[in-house]
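I opened my notebook to look up a few spots in this model. Here is what I went through, entry by entry.

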Amino acid sequence: MAFIVKKKINGKEYYYLNETKRINGKVKTKTLAYLDKSKKEAEKKAKEIIKNLNKNKKEVIQDKISEMEKKDITINELSVFCKRKGFVYQSGEIYGGLAGFWDFGHLGVELKNNIKKEWWNYHVYQRDDVVGIDGSIITHPKVWEASGHVGNFNDFFVVCKNCKKPGKIAQNEFGKIKCECGGEYDIANAKKFDLMFKTNVGESGEAFLRPETAQLIFSNFKSVYENARMKLPFGIAQSGKAFRNEIAPRDFLFRSREFEQMELQFFVDPNKINDYPYYNKIEKYKIKILTASAQEDKGEESFLSISEMVEKGIFKNKWHAYWLYNSYKWFLDLGIDEKNLRLREHRKDELSHYAKSAVDIEYKFSFGWKEIFGSHDRGQFDLGEHEKFSKKDMKVLDEETGEKILPNVIEASFGVERAFLVFMSDSYFYDKARENIILKLNPKLSPIKAAVFPIVKKKEFEKLSEEIVAELKKEFNVVYDKSGSIGRRYARNDEAGTPYCITIDDESLIKKNVTVRWRDTGEQVRIKIKDLKDSLRKSIDGESILNLGKLVNTRKK
Ligand code: GAP
């Protein structure tokens, strides 16, 4: 209970707001705030403070996520949300923006970095057979001649004969693809459009911004093999910028002109291309797939096991099947709903010039099923071409037979921005009761791991909050949030995908514990301040935070 007290200091009167509480059977009195010298002013202020105090307490108790629904948002709504929250801005927006280029804001950069970090952890640190590199964006132009990009990497700008709308198609799609309105494209007047950005390097002339990261892996293959002392089969991973002068950038980040890729090239002895040692562990796993033949017959998706896909020749070998499965698992492990994922086999007429076979992972966006990942069996194409163009030996020695081998390459290629869209779309929920968005990102990906609040503005609470923030910041991206009501602060952090809201209250000062609220249900547990770091670490790693403390409110949905 809170009440006003008058204190005389050096003969002058001052009014304070005190509070009594029964703690462990004993009644304790605390000063909540200094009010004023005048009784009238003090009463006014006290009324205000008590009102806020009660409101906050009520909000903490009543914070319950009662009705949560998965929101299917359009890509435009997502881009508006991303801008409002500080995830993504159009690049150069103050000058009207530049199509196909995007800047990442204070939350966006964290999500993007976390996606790349999780990818690297999974593909490099957790394995013994993959090492990383970081190649240059501009490299020797011969690299792009050898790879076939000079000459092959282009699209055609076409106009619909019926509605006159412009479109972009590849040469192998001439006569096969129609405009959205059903009209034929005017192929006779199709204009070739080079997808590689050109630039100049000093005096030496024309060069290109890389359109994929893969070629830097191939051109460095021999050095990495020797210096990292790798043995076949092994992989090289790289994440970094790629540039494509897309004719029609569209769908927010989906088709941009500057984007990032996370690519892994896995090098296998062609004679051992089916020797994936743990095949029996994955062969029965079933995944929804749109096969090439189903596309030709305008058929439906089917569920096929990995071994059925290998038997049907969708994967020409078991190592390719494994890398597709492993990449698909990455999305699942980070919480993507499997019903929104499927595979799509490339038809023969759309295979890239370097690929023997290709299978994409697609995500069901609001604008349709779209490619988010591409896997290719690149055979010996790339190393063979670099060998021809550079006249350097790209073969490695088979120590058992003494033979020299040109490895076969299996590629697993992710787009960072497309993964970003997938994680945002899949985690976008709406809390009907509180009318705010809840971004149910996997805590590993959440831009901010925890927000720390003093329950009310009070010096002791603020001091303890600041100390907790300083300690947590040594390990996690944590924010201190003291503005607005508790309800507003929860809502603000739910929208940013912050998994844990930590509140400091009276009990925190006495018992040295805090409440930790779990974003997805609104349930709260009390955790000792000394255990906080450890609990957050465990919970980010997958354990429910609700198992790591004492439940304070039964807020189950
Ligand atoms: N090294 C092979 C390669 O680059 P790709 O299918 O052209 O293959 C691989 O690209 C991935 O890169 C795609 O699955 C997609 O995630 C991403 N990507 C490609 N073009 C993109 C673009 N214009 N904007 C954003 N991401 C793109």
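Predicted model: local features only at pLDDT ≥ 70, side-chain atom pairs only at ≥ 80, totals over all residues.

**Entry 1: the ligand**

With that cut-off in hand, I looked up Phe254 and found one of its polar backbone atoms 3.2 Å from a nitrogen atom of the ligand. Ile372 also uses a polar backbone atom, which sits 3.2 Å from an oxygen atom of the ligand. For Arg244 I noted a polar side-chain atom, 2.8 Å from an oxygen atom of the ligand.

Which residues come nearest to the ligand? I listed Glu212, Arg244, Glu263, Glu371 and Glu411, out of 22 residues around it.

**Entry 2: two helices**

Next I checked how helix α3 (residues 108-125) packs with helix α11 (residues 318-333): the angle is about 135° and the axes are 11 Å apart. That angle makes α3 oblique to α11. I wrote down the crossing of α3 past α11 as right-handed.

From α3, the contact takes in Ile115, Glu118, Trp119, Tyr122 and His123. From α11, Trp323, Asn326, Lys329, Trp330 and Asp333 take part. Sorting the residues of this contact, I got five nonpolar, two polar and three charged.

**Entry 3: Lys37**

Where does Lys37 lie? I found Lys37 in the loop between β3 (26-36) and α1 (39-62). Leaving aside residues up to four places away in sequence, Lys37 touches Glu13, Tyr14 and Tyr15. I also looked up Lys6: from Lys37 it is 31 residues away in sequence and 9.1 Å away in space, C-alpha to C-alpha.

How values were computed: Residues numbered from 1 in each chain as written. Heavy atoms only, no water. Axes fitted to C-alpha atoms, helices over the stretch in contact; angles between N-to-C directions. Helix = DSSP H or I, 4+ residues; strand = E, 2+ residues; numbered from the N terminus. Parallel < 35°, antiparallel > 145°, perpendicular 65-115°, else oblique. Left-handed = near helix turned anticlockwise from the far one by under 90°. Contact = heavy atoms within 4.5 Å. Nonpolar A, V, L, I, M, F, W, Y, C, P; charged D, E, K, R; others polar. Near = heavy atom within 4 Å. Polar contact = N/O pair within 3.5 Å; in protein donor to acceptor, adjacent residues only side chain to side chain.
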